[in-house]
Structure formats: C-alpha cells, structure tokens
Amino acid sequence: MESNDELMNVVQAIKDAILQSQQRALKAVNQEQLALYYGIGRYISVNTRKRNWGKGFIESVSEQLRKEMPGLRGFSAPSMRKMRTFYEEWMMLSDNSFVETNKIELPEDNSFVGTNKLPQVHFSIDADFPIAAFMSIGFSHHYAIVSKVKDPEQRKFYIQFAADTKAKVEDLEQLIDEDLYHHQGDLPNNFKRTIPDQLQAFRAITMFKDEYLLDYINTEELFVRDKDRDEKVIEQGIINNVKNFIMTFGKDFTFVGNQYHLEKYGIEQFPDLLFFNRELACLVCVELKDGSFQTSYLGQLAGYLRILDDEVRKPNENPSIGIILCKSANKKFVEYVIQDYNHPMGVATYKTSADMDDKLKKLLPPVEDLEKLL
C-alpha cells in the first residue's frame, strides 16, 4: 500500500503540472489579445489620423460589432480608442511597412484601408526592451502605463515591475502616482531581498524617504547645546510632536509607543519608537541615532525586529520593518552592508530646526505666526 506521503507527492506533482499548463495557456491568450488590440489600434489610427473616417464612425463600428457578435465585450468606442492609444504610444515597436504601404496608391484589392483584412503584427524589438514582461501583462496594465507615464525608460521599468509583482491595475496606478521610479533608489534598504511579496517590498520603498526634516524640533529651545545633544532629546521632541512626525513620515502611520518594552529570555529591550502602518499592515520600528551611521546599529535593530515578530506581531500582519534615523549616512556603504541582514531594514537621515542654515531661518516667519496660520 502506498504511503500518504507518496500520495501527496503525486498529487502535488500533477497539481503543479496543471497550474503551469494553465499559466502557459493564459500567457498565450494574453499575448494573442495584445497583438489583436495592437493591430486594431493600428487599423483605427491609420484610418482616423491619415484617412477620413467621419465623426462618430468608431461608435458606429462598435455598435455594429455588438449587433453581429452578441455578448462581445471590450470593444466599446472608448475601448477601441484605448487600443489606438496603445498602438500610437508603442508604434516604434513594429515595422513601418503598414504605415508606409498606406501612403502609396495601391489597387483597392491590395490596400489595407477599405478592406476587411488586418495584417499581422510583426514586432521589431531592441535588445534591451523587456519583451517577455511586455507580453505577459494585461492590456489594462499597459493602458495605465502609457496614459500616466511618458518617458520610455520609466515605461520599461513599470512594465517589468507589473510583470514581476503581478500587481493589480489599481496598485500599479497608485505606485505610478507615488513616483516609484524615482523613489526606488532613495532609501538605502534591503526590502526587495527580505520581503517575499515583491509588491509589498516596492510599497515599502515608496513609503519611506531617505531624509526627514524634523523642523518642529528645536534642540536650542530644549536647553541642550548642539555638542551635548543626544537621541533622548530628539525622541522627546518627536513624542511632543507625534502628529507632526507622522505627517512627515507619511500616510497611514499610527503611533504605538516609545521606549516600547520587549523581553525575551529575561532580557529586556527598549526600541525608541514603534508605529503601525495600515498600508503595509506591519509594525515599523524606528531607532534614533545622533551621529553618523554605524554598522552596529543594524545588529541592534535586527534584534528588535526578531523579538517584535515573535512576541508582538499578530498572525494577520506582515513582518516588521525597521528604520534607523541618524544624522548622516553614506548611502553606498549602507546598501553594501545591509544586504547581509534577513529582516527588512532601511537607513534614513534627519535634520532638525537647529541644523537649518541661519539664512534660511531668517526667511521663515516666527513660530507664533505659523501657529496662528495653522
């Protein structure tokens, strides 16, 4: 009699084969659909931009298609205009034989315009173009990219991102609006390597900046000379202005506590600041350091994150993220050493009002006036 383990192994093998087959089938369907939409977009583009289709002709085509093919979806007039945009924005990917052919007077039976035949699409792709990713994402993703992003290099980035993360269209649009392309290299971090869900990793990247201006913290007002200042002073300033800190840090943060008590095997630990982020669905531990970045800070933060995940994190929450806030840091060095750690961490810098240039301070209105305005 076969063992239960053998049964499960066989079932898993067949299940994997079925899923892989389904994925290949869906991929083929998606590629066929993209080629179809591109070809139709090209057909519409030539006839509307270079020929004389009258106003409302696309609406008439769409209506007639619905009559002749009941139940047909995706070919409304707005959808067909999106296909035209898709083609026109990626016109450079196909050869120009179609457009050039339609500039030449040909016999009616050989002319594309006015016939019922759409020529097949033949792509001419540069070596650095992410064609596999391009053909694997859906038309809605493509339209979101071409309608929101104009730079070709940024478009390539978002195409690859959508393919790698399997992001939903609404997630893709949100990250484009948050300018993920320009945020991806700001904060030195190890998120892509330590957060299994790549969409979650990219969200974390956009969530944190590489430098924060804590302009509401004035160490001089706290009667601390610059050379005597330490993390406790900055921490107290943040606690007194936690609403401002959260607004500076970003949306969806809630404050959990400062000097948060952790204990494991009788050893007590006290992380400086603990937050929860609703967007990321995880705890965020912030360590304050008054000085330049030191590699030992990463080990300390990794210990906090391990205990938080084991003792504090709830089952429905994602692994905790740690952020070190220090006065200065060499980004390249941080990126180099942080990759050896298995917990998601990043290193950012901060400035306080005491660090602002004297000339800049003089340009700002008094605090009392700002408070009145607010």
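The model is a predicted one. Helix α6, residues 139–148, takes part in two helix contacts described here, meeting residues of α3 and residues of α8. The largest nonpolar core has 67 residues, and another core, lying apart from it, has 21 residues.

**Helix α3 against helix α6**

- The axes of helix α3, which covers residues 77–89, and helix α6, which covers residues 139–148, come within 10 Å and cross at roughly 65 degrees, and the crossing in which α3 passes α6 is left-handed.
- On the α3 side the contact is made by Lys 82, Met 83, Thr 85, Phe 86 and Glu 89, while on the α6 side it is made by Phe 139, His 142, Tyr 143 and Val 146.
- Sorted by class, the residues of this contact of α3 with α6 are five nonpolar, two polar and two charged.

**Helix α6 against helix α8**

- Helix α8, residues 169–177, packs with α6 at an angle of about 15 degrees, and the axes of the two helices are 9 Å apart.
- Because an angle under 35 degrees counts as roughly parallel, α6 and α8 are therefore roughly parallel to each other, and their crossing is right-handed.
- From α6, the residues Ser 140, His 141, Ala 144, Ile 145 and Lys 148 meet Val 169, Leu 172, Glu 173, Ile 176 and Asp 177 from α8.
- The contact of α6 with α8 is made up of five nonpolar, two polar and three charged residues.

**Nonpolar cores**

- Within the largest nonpolar core, which holds 67 residues, Phe 191 and Phe 208 are the members that touch the most other members.
- When residues up to four places away in sequence are not counted, Phe 208 touches Leu 187, Phe 191, Phe 249, Phe 253, Leu 280, Val 284, Ile 321 and Ile 323.
- Another core of 21 residues lies apart from the largest one, and among its residues are Phe 276, Tyr 304, Met 345 and Val 347.

- Tyr 341 is found in the loop that runs between α15, residues 331–338, and β8, residues 345–352, and Tyr 341 is partly exposed, with a relative accessible area of 24%.
- Although Tyr 341 and Gly 299 are 42 residues apart along the chain, their C-alpha atoms are separated by 8.2 Å.
- With neighbours within four places in sequence left aside, the residues in contact with Tyr 341 are Asn 190, Arg 193, Thr 194, Thr 295, Leu 298, Gly 299 and Ala 302.

Key. Residues are numbered from 1 along each chain as its sequence is written. This is a predicted model: local features need pLDDT of at least 70, side-chain atom pairs count only at pLDDT 80 or more; totals for chains, interfaces and linings use all residues. Side-chain values use heavy atoms; hydrogens and water are left out. Axes are lines fitted to C-alpha atoms, for helices over the stretch in contact, and angles run from 0 to 180 degrees between N-to-C directions. Helices (H or I, at least four residues) and strands (E, at least two) are DSSP runs, numbered from the N terminus. A crossing is left-handed if the near helix is turned anticlockwise from the far one by less than a right angle, and right-handed if clockwise. Contact means heavy atoms within 4.5 Å. Ala, Val, Leu, Ile, Met, Phe, Trp, Tyr, Cys and Pro count as nonpolar, Asp, Glu, Lys and Arg as charged, and the others, Gly among them, as polar. Angles under 35 degrees count as roughly parallel, over 145 as roughly antiparallel, 65 to 115 as roughly perpendicular and the rest as oblique. A nonpolar core is a set of buried Ala, Val, Leu, Ile, Met, Phe, Trp, Tyr and Cys residues joined through side-chain atoms within 4.5 Å. Buried means under 20% relative accessible area, exposed over 50%, partly exposed in between (1.4 Å probe, protein chains only).
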